[in-house]
Amino acid sequence: MTQLQNLLSLVEENEQLIQDALHKDLHKPKFESVLSEIQITLNDLYFAMENLRTWMQPEYNIGKNLATRMDDCFIRREPLGVVLIIGAWNYPLHLILLPLVAAIAAGNCAILKPSEICQATEQLLAELIPKYLSQDCYAVLCGGAEDTKSLLKNKFDHIFYTGSQVVARSILLAAAAHLTPVTLELGGKSPCFIYGHIDIQKAAKRLCWSKFFNTGQSCVAPDYVLCTAQTRDALLPALRETLQTFYGPDPGASPDMGRIVTPRHWRRLMDMLEKSKGKVVIGGESREEDKYIAPTVLVDVLESDALMQEEIFGPILPILTIESLDEGIDYINRQEKPLALYVFSDETSVVTTVLNNTSSGGFCGNDGIVHMALPGLPFGGVGASGMGSYHGRWGFETFSHRRGCMNRSWLLERVNVLRYPPYSDYNLGWLRWATTFKKNSWGGCSVIKILFWVCTGSLKYLSSVPDFY
């Protein structure tokens, strides 16, 4: 608990330094830095500190059979040991500190490897972590890809990685050499399915905010929109109006619009945009000198388009058209399972149908990305979008070993003789009966028969004991 309190102090006492570092790395506005980096970390810390004593308690609600009825059976949570946490550049603070909250809560030591792409945040973490946390238990390693490869040659008790699928494969290979368990928080193309009756103005605001927050550089950002042609035609004017309201006539001059993280990432996005056969109907402007790309919307985009082959991870939103609810669901299910799936509709049946007939890491109806901010919900992927989860108790469980424990009583030794040699079919039959989980296996007949046997030391009279069901 002391280390969690110290981590809380680290964030609270250095909020301005954190904001400055994030602005330098990503041109993040204060609002987005506080909301998505600082406050989300504080909330997870508050939640963990409030609930940790409950999480740590042994779990005694264990199903027992007749043979173990007198025994003390429970599940005990124990630390894994020394864990490695590798963060990502798009949220360079919270993607390191949230896993660290979980690791500390579960009692582990941790090596932190922040993203080298966001150098200001990386250096700030390297300075602050040793000042606030125990240097015997927590350390920060700065460096590039080669340093990470060298680090992975060491044996850890768990590796927690946030980033791309390409690097994740290398992480898995390195972990396999030591049989190290791994949590992978990846990404994918998270769809936003808009269908049926809907308030188009509200939908446009929530879609624009969740897509262009952090300049679209969010692993859970809506990657593309699926809707009917009629909905698309109604949505486009609402998107133009919303973007004008959010960022003004020139988004590049707005203090609320961030920048692409590096020139390499900017060129990747522009290459995808240039190769696309879709039609740009909103935005499209860019400046290489300050890594700016305007919020951009494209229509007439096909499944085979360049924008649909990998996660976009930038302020570019393709709109694909479908003709029916089933067609939209079929399209989603043809793709890799996404990290998040969004459905916008006033019709509860539409939201429920999509939820019941698809699979994704997380799901949110009528909004985007906000589900990941609630500590009580697990956050993680499925299939190609990742494995394992965290936030709140789910992170505590990820970094804990659930140790099954049984303390046996010396009583009822007469029951134990059933398992000792010399073996017999007669004893085997009674042992199977005593260890079977079934309705009424602990009923009046069962208890009376066992008590009769314990008192008399004889099995031969058991068949004469009446049942009392």
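**Notebook: a look through a predicted model**

I looked up Glu-185 and found that this residue counts as buried, at 2% relative accessibility. Buried means under 20% relative accessible area, exposed means over 50%, and partly exposed is in between (1.4 Å probe, protein chains only). I note that this is a predicted model, where local features need pLDDT of at least 70, side-chain atom pairs count only at pLDDT 80 or more, and totals for chains, interfaces and linings use all residues. Residues are numbered from 1 along each chain as its sequence is written, and side-chain values use heavy atoms, with hydrogens and water left out.

**Entry: the annotated residues**

I placed Glu-185 in strand E6 (residues 182-185). Helices (H or I, at least four residues) and strands (E, at least two) are DSSP runs, numbered from the N terminus. Leaving aside neighbours within four places in sequence, Glu-185 is in contact with residues including Phe-160, Tyr-161, Phe-379 and Tyr-390. Contact means heavy atoms within 4.5 Å.

The UniProt annotation "active site", from an unreviewed entry, covers Glu-185 and Cys-219. UniProt positions are given in the numbering used here, feature names are shortened, and annotations may be inferred rather than shown by experiment. The two residues span 35 residues in sequence, yet no two of their C-alpha atoms are more than 9.1 Å apart, so they gather at one spot. Of these residues, the lining of the largest pocket includes Cys-219. On a 1 Å grid over the protein atoms alone, a pocket is an open set of points where a 1.4 Å probe fits, with protein on both sides within 12 Å along at least five of seven lines; lining residues have an atom within 4 Å of a point.

I found Cys-219 in the loop between H8 and E8. Cys-219 is buried, with a relative accessible area of 11%. Not counting residues up to four places away in sequence, Cys-219 touches Asn-90, Glu-311 and Phe-379, among others.

**Entry: aromatic rings**

I read off 12 aromatic pairs in the structure. Rings of Phe, Tyr and Trp (its six-membered ring) pair if their centres lie within 6.5 Å; planes under 30 degrees apart count as stacked, over 60 as edge-to-face and the rest as tilted. Trp-55 and Phe-396 form a tilted pair, 5.6 Å centre to centre with 40 degrees between the planes. Trp-55 lies in helix H3 (residues 30-56) and Phe-396 in helix H13 (residues 392-398), so the pair ties together parts that are 341 residues apart in sequence. Both Trp-55 and Phe-396 are buried. I also noted a cluster in which ring pairs link Phe-160, Phe-379, Tyr-390 and Phe-399.

**Entry: a sheet**

I traced an open sheet of 7 strands in the order E9-E12-E13-E8-E7-E14-E15, with mixed pairing. Its edge strands are E9 (279-282) and E15 (362-365), each pairing on one side only. Two strands pair if DSSP finds at least two bridges between them. E9 and strand E12 (residues 296-299) run antiparallel and are joined by 3 bridges. The bridge partner of Lys-279 in E12 is Val-299.

Most residues other than glycine have a negative phi, and most peptide bonds are trans. I found that the peptide bond from Pro-421 to Pro-422 is cis, with omega near -5 degrees. Asp-300 is not a glycine but has a positive phi of about 55 degrees. Asp-300 is in the loop between E12 and E13, and is partly exposed at 47% relative accessible area.
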